[in-house]
Amino acid sequence: MIPRRTRRPNRPINPFFSHSFQRPNVKQNDQSLLSYFRTSEGNLDFNKIADTAQQAKNVFNQVNPFITRFLKK
C-alpha cells in the first residue's frame, strides 16, 4: 500500500501570468500500478505484463544509444 501524501498548501499566484496559463488542479487517481494489469475479474493478466515489459525493453534499446552518446561527451 502506498502512503498518501499530505496536501500541499496552495502556491502563490504568479502576477506575471494570467490564470488561464497556470496549470489547473488535477486530481490523481489512487489506483495502484498493478490495477492496470488486472482482468475484469480482478486477476493479474500476465500476458499484458509481459507485453508491457517487452515494449519497455524495446523503447530502452532504441533510446540507449542516444543516452550513451550524450553521457560520453
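Helix α1 covers residues 46–72, 27 residues in total. The span from its first C-alpha to its last is 38 Å, close to the 39 Å expected at 1.5 Å a residue (1.5 Å times one less than the number of residues). Helices are DSSP runs of H or I with at least four residues, strands are E runs of at least two, and both are numbered from the N terminus. The model is predicted: local features need pLDDT of at least 70, side-chain atom pairs pLDDT 80 or more, while totals for chains, interfaces and linings use all residues. Residues are numbered from 1 along each chain as its sequence is written, and side-chain values use heavy atoms, without hydrogens and water.

Helix α1 has a kink of about 40° at Val63, shortly before the proline Pro65. The bend is the angle between axes fitted to the seven residues ending at a residue and the seven starting there.

Of the 73 residues of the protein chain, 1% count as buried (under 20% relative accessible area; exposed is over 50%, partly exposed in between, with a 1.4 Å probe and protein chains only). Leu71 lies in helix α1. Leu71 is exposed, at a relative accessible area of 69%.
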